[in-house]
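This briefing goes through one structure topic by topic. Please have the sequence and the coordinates open while reading.

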Amino acid sequence: MTVLKTVNLVKIYQNKHVPVPAVRGVDLQVDEGEFVAIMGPSGSGKSTLVHMLGGLDTRTSGEIWLDGQRADTLSESAWALLRRKKIGFVFQFFNLVASMTVADNVELPALLAGASPKVARERREYLLDALSLTERVEASPAQLSGGEQQRVALARALANKPSLLLADEPTGNLDSRNTRDVLRLLGQVHRDGQTIVLVTHDARVASLADRVVSLLDGEIVDDGKIARRRPGRGGGAGEVIDLR
Amino acid sequence: MRAGARWIRADLRARRGQAVLTVLTIAGIVAALITAATLLEDGTNPWRGLFAETNGAHLWIHTKDRPQVVALRAIDGVTQASGPYRTAPVTLVQERRKAPVALRAMPVAAPEVARPVVADGGWLNPAQPDGVVVERSFARALGLRLGGSVTVTALSGARHVLYVRGIADSADQGFYPEWTPGLIWVLPEKLDKVEPELGRSEWVTGLRLDDPEATQFVSQRVVVMLDEEVQRVYTWREVRAAMELDNRLLGTLLALFGIVGLVAAVLALANAAGGRVLSQLRDLATLKSMGFTRGQLASLLLVEHGALGLLGIALGVLPGWLVTWLVLDTSSVALVPLLAIVAGTALVVLVAVGVPAWRGSRTPPIPAAPSAPPRGRLSRLARLALLVRLPPALVLGARDAFSRRVPAFLTAFGLAVPMMMITIGLGVWATLDNFLAHPEQVGQHAQLLVRPDKLTPEEAKGLAQRDPAVQQVYPGAEVDALVPGEARSIRVRAIGGSASPYPFPVVEGRMYADRGEAVAGQGLLDLLRVKIGDRVWLSVGGTPLIVRIVGRTVEPDLDGQVLSLGVDSLAAKDVVPPEFWGLALKKGADPAEVRDRLLAASGEGLEIQRVVNPAERLAVIRVVIVALVGVLALIGLANLLTASALGLRDHAYDLAVLKAMGLTPRQVMATLVTGTGLLVVVGIVIGTAVGSFVVKGLIDLQGHTSGVGAGIARPPSPLMLVVAVVAAVGAALAVALIPARRAARAQVPVTAR
């Protein structure tokens, strides 16, 4: 089943009356349970694309379909309502609410979606347990390491069991150890059936995905599935990426 | 809802200090406003209630003989009459203090109009011929209790012991001691015994009118009808004014402080909410990415910041009510102004936080986009600073100060307004000090008034002149004069001769220099609608008095409705022998000491009265000023915290760069402090300048409207101003220093935004 579909999606910024195209006609289809990595160099329009997919930015033209529902014509408020239920975001700079504890940060989306405090707490306990953050429940974001913050952000994004998880350079601000941790978690979430669209410029990160979409100057230049690595050829630095 | 509540709770916890400050500020302002409204509101003036309760008379006439009440009642507009009641002046002696009393004969059956309402005990009873009923304010002032005895001395010198059978409220006259003599009701038979001589008493008649505004017309008819019989006429307005006291002055002052304070507090609130929203834009964007709608965010911010204001209002109502109840002894706070203040303040608060809330809600939902301060060229000020080779920290700070124009303006303005009010408060303080230090400038050159009691006037004068501390002795008398064409009597004060006049503080025109010339207070000029140079016709006990007003004095007594002239301008019957001697003391002499000395020298044969300085009556204003300066300082502090928080936020990124460029932590700190400090200095200096510019005019305006007259205002001394400015700037810099120091020492990651 298709979770996300875009038809000829275009975004043109107006910079002092000079149109600057960021995304030029992207057709993308993401099926349920798929893990798609969008790769590209800086300025290729990948962040703009993922922002549009989540309704954080408006499209100039084209269509966005989410769970079979047309989303690009929605108002800002309607997008917000849609995001609550169906979309989880993970950002490069974690974006935890600084004044709230870890627990509150994770419970917030569930409460926003109308869950009772009890349900929200149970969900939070489950998620933080799964991400091994149970001891840091009462800490404030400033007391956490970058990796821990991103794990909390991931927990928050998953709080409402969204149909789509959008991750914008989730490891861009992490060291290699933390990157590995976060990626392991993403892989785990994906194995549990979560649909993920991840933006990165790091090939190693992209290698985790089922499918890599390469973006250059706002256009898709390549879209291919990655061969699953054979069992026995264990991880480590010498991983080989095969494009089919 | 729950998510929003959770966010608000967390945010408030994160900025607890600022939240508390906001609440306290608003609470202080609301308390001041409520107190002001209570003081100004007629509903709390006891007159209205008493007048209704006693079915009071609108017009009171004192006559030498018993008037024809039937004729008086026949005057157009008069509905009912009360009296006439025979009234005799006696002196009450209580614990060595003497108080003038009007003993008024009243029938056993209380009259329909102007009936005293018994508050304690009972009314006059023929079974107790020595029983009297005392007017409540008089009883309280002299400590007279139910069942106690009082000794009164008649003009003949005979002493009589009376027993207090009741204490009653009345709207016949103002409260003692502002209105003298005190009032005691007795049975007619008893009065005949105390004062058998009809010639030493007068008759008092009250008239109730169908139109309270018609007093002037009716009183003219009465004066024409009774002609020379009339001793004194007064209306309900004077009674009401006497009951109002100095509350009006205090109320006006408080209202001024309260309203300007409200403006300042709202600015501070808007500034604080705006600054907070600005520093939270990233969090707000994150909330949006999580699914908060624009409307939800707006209401979230409105509720959070508005709730602080509303909490402040709620907290302010109680102390405001308590203050009026405890300190001012008013029985109730009128409901309508209270509601108006609460609703008005709430509305203003919501508007003030509504704008930043609306702006916050319009944040684009992409949390990665940071909101940076407008960048660009160095400001002119900063270039100037570079030009004169100031240290780099100062240059950078000067550049930062104005990089966000609206917050910079709000900060400077938000400090200027409280500082202006503080300067005005200091001016009021200086004016009060001046009253005390130079009583002669408010017409109180003579600090003691000596009435010959058992001695002859000449003996009294001789005693006073022999005292080493007495500089000069002025003969004096006070009489009531009827103003033809006006509904009332005015006080004429004769003291000193025309040739060697008593030094009245003439602020306009000139001092009188001849018989038939007089000076008047602003209140009298307004009442008679005359200018300096005009002639006025008065009637003193039937004798015409025609004087030319040649100057205006500062007149703190009786709302300024006093005419002052030389004793030789009055008819001899009123001033020979003089009613009292006014003693001007040598510099540094203690009036209380001189009083005791004279009393001892005369063997208690003198009655000596100390003139009450208006500053002593207004002493409560000082408390008000101190409290308001406290509230205003809170407002300034709130502004300052916002400014430095915003400054820090804007420059968090720069800090890392500055450090990388090689600035020491100390220099970084100096940069931050300069940024806020510059705005602080600008705000405080402007506020002080404007304040000292308007303070004289404001106090004089207040003096003019209260009848005292312009010319009393003293601006705060330069030293006082310098101390205030230095203290304010110093405190502000100290407050700005703490976060700057912390920021300068902290490890600031470049990636944090």
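Why does Met420(B) count as buried? The cut-off for a buried residue is 20 or more other C-beta atoms within 10 Å, and Met420(B) counts as buried because 25 C-beta neighbours lie inside 10 Å. The model is predicted, and the points below should be read with that in mind.

**Confidence**

- The average pLDDT of chain A is 83, and 93% of its residues score at least 70.
- In residues 230-244 of chain A the pLDDT falls below 50, and this stretch has 10 contacts in the model beyond near neighbours in sequence.
- Where pLDDT is low, the predicted coordinates should not be read in detail.

**Composition of the two chains**

- Chain A has 244 residues, of which 48% are buried.
- Its secondary structure consists of 7 helices and 10 strands.
- For chain A, 66% of the contacts between residues at least 6 apart in sequence join residues at least 24 apart.
- Chain B has 753 residues, of which 50% are buried.
- There are 23 helices and 20 strands in chain B.
- For chain B, 83% of the contacts between residues at least 6 apart in sequence join residues at least 24 apart.

**Surroundings of Met420(B)**

- Helix α15 of chain B, residues 405-437, contains Met420(B).
- Not counting residues up to four places away in sequence, Met420(B) touches Gly687(B), Val690(B) and Gly691(B).
- Gly691(B) lies 271 residues from Met420(B) along the chain, yet the C-alpha atoms of the two are separated by 4.2 Å.

**Helix α16 of chain B**

- This helix spans residues 457-466, and its buried residues are Ala460(B), Lys461(B), Leu463(B) and Ala464(B).
- These buried residues line one face of α16(B), because they fall within an arc of 160° when seen down the helix axis.
- Exposed residues on the other side of α16(B) are Glu458(B), Gly462(B), Gln465(B) and Arg466(B).
- The cover over the buried residues of α16(B) includes strands β11 (446-452), β12 (470-482), β19 (580-585) and β20 (606-610), together with helix α19 (591-601), of chain B.

**Nonpolar cores**

- The largest nonpolar core has 174 residues, and the members that touch the most others are Ile38(A), Ala155(A), Val197(A), Val30(B) and Leu269(B).
- Helix α21 of chain B, residues 619-661, contributes the largest share of this core, with 17 residues.
- Another core, of 109 residues, lies apart from it, and Val134(B), Trp203(B), Val223(B) and Ala520(B) are among its residues.
- Ile38(A) touches Lys46(A), Leu49(A), Val50(A), Val197(A), Leu198(A), Val199(A), Val213(A) and Leu215(A), with residues up to four places away in sequence not counted.

**Contact between the chains**

- Chain A brings 26 residues to the contact, and chain B brings 24 residues.
- On the side of chain A that touches chain B, α2 (76-86) and α3 (102-112) of chain A each supply at least two residues.
- The most, 6 residues, comes from α2(A).
- By class, this side of chain A holds 14 nonpolar, 7 polar and 5 charged residues.

**Strand pairing in chain A**

- Four-stranded and open, one sheet of chain A has the order β2-β1-β4-β5 with antiparallel pairing.
- Its edge strands, each pairing on one side only, are β2 (18-31) and β5 (69-70) of chain A.
- Strand β1 (residues 2-15) and strand β4 (residues 61-66) of chain A run antiparallel and are joined by 5 bridges.
- Thr6(A) has Ile64(A) in β4(A) as its bridge partner.

**Strand pairing in chain B**

- Strand β2 (residues 78-94) and strand β3 (residues 97-105) of chain B run antiparallel, with 8 bridges between them.
- Opposite Thr91(B) stands Pro100(B), in β3(B).
- β3(B) is also joined by 5 bridges to strand β8 (residues 182-186) of chain B, and these two strands run parallel.
- Ala102(B) has Leu183(B) in β8(B) as its bridge partner.
- Strands of a sheet pair through backbone hydrogen bonds, either parallel or antiparallel.

Definitions and conventions
Residues numbered from 1 in each chain as written. Chains lettered and ligands numbered in written order. Predicted model: local features only at pLDDT ≥ 70, side-chain atom pairs only at ≥ 80, totals over all residues. pLDDT = per-residue confidence, 0-100. Contact = placed C-beta atoms within 7 Å. Buried ≥ 20, exposed ≤ 12 C-beta atoms within 10 Å, placed from the backbone. Arc of directions from axis to C-beta. Core = buried A, V, L, I, M, F, W, Y, C linked by C-beta atoms within 7 Å. Nonpolar A, V, L, I, M, F, W, Y, C, P; charged D, E, K, R; others polar. Pairing = 2+ DSSP bridges.
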